[in-house]
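Take a look at the model below.

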Amino acid sequence: MKLADARAALREARHVAVLTGAGVSAESGIPTFRDAQTGHWARFRPEDLASPGAYFRDPALVWEWYAGRYRDVTRAQPNGGHALLTQLEREKGDGFFLATQNVDGLHTRAGSGAAGGQLVELHGNLTTARCEVCDWTADLPAPDHFTPPPSCPDCGGRMRPNVVWFGEDLPETALAAAATAFAGADVALIIGTSGVVYPAAGLAAEALRRGAVAIEVNPVETNISWQMTFAVRDVASRGLAALLGQEP
Ligand code: APR
């Protein structure tokens, strides 16, 4: 398949299912998950901070890490890639579905999920916390007024980051919605993900099995590139612009 064919497939598609990963937020200055361990945090593997075991051993340490990421995310702005996905949602309406593995909330801030289609955050959102006692979910206070751990506004219990950690199950409803959308997609777009974390990484395979065209946008080859019908080897904003026929 050539770029012109991929463009045509996307233009003509009634149902488009998109999976995004950390690469989509790289142009907003948020380091990808596997590049994020710098400075003080370089001696930890992400798995040693983002897991129930790590939180059980040292909740203050895990909260300190998330509070830092929360500060970075609130300072960052959605980029051109996020904006083009919102534009595509506007064009496709209820035929558009976006599943993100990102917990930074930037798709929501760019308008995804509010332009006629649907957005699900498969791995949660680090700008919110969830009560360990009663499951209440609440936004974190503004970074300047935030001292972790937050207390539940409903029952006073300790709250944890509202993200899916290694070894935890994905939210059932979000995952089921994503599986249905990818199974029914004419085109699946896989953007900025290394494709190593399942079940998210398996969504494209399901779309392909049902006859969809799968297009990857990523500057480098990934674990799931071999499955793709077509790949745009570029960063998310330029890759999407090329696919939507909007090159400068
Ligand atoms: N545009 C598009 N892709 C990019 C860009 C960019 N500007 N910069 C980097 N990438 C690509 C990288 O080449 C890589 O393939 O983004 C991908 C990022 O991979 P990861 O850091 O592994 O992130 P992700 O795939 O989202 O990780 C999945 O794993 O660690 C868990 O729960 C965490 O949600 C995360 C999940």
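C134 sits in the loop between β4 (124-131) and β5 (137-139). Strands here are DSSP runs of E with at least two residues, helices are runs of H or I with at least four, and both are numbered from the N terminus. This is a predicted model: local features need pLDDT of at least 70, side-chain atom pairs need 80 or more, and totals for chains, interfaces and linings use all residues. Residues are numbered from 1 along each chain as its sequence is written, and side-chain values use heavy atoms, without hydrogens and water.

C134 is partly exposed, at 33% relative accessible area. C152 is buried, at 5%. Buried means under 20%, exposed over 50%, and partly exposed in between (1.4 Å probe, protein chains only). C152 lies in the loop between β5 and β6 (159-163). Leaving aside neighbours within four places in sequence, C134 is in contact (heavy atoms within 4.5 Å) with C152, D154 and C155.

Now the rings. Rings of Phe, Tyr and Trp (its six-membered ring) pair if their centres lie within 6.5 Å; planes under 30 degrees apart are stacked, over 60 edge-to-face, the rest tilted. The count comes to five aromatic pairs. W65 and Y66 have ring centres 5.0 Å apart and planes at 70°, so this pair is edge-to-face. Y66 and W165 form a tilted pair, with 6.5 Å between centres and 45° between planes. This pair links distant parts of the chain: Y66 is in helix α4 (residues 59-75), and W165 is in the loop between β6 and α7 (172-183), 99 residues apart. Both Y66 and W165 are buried.
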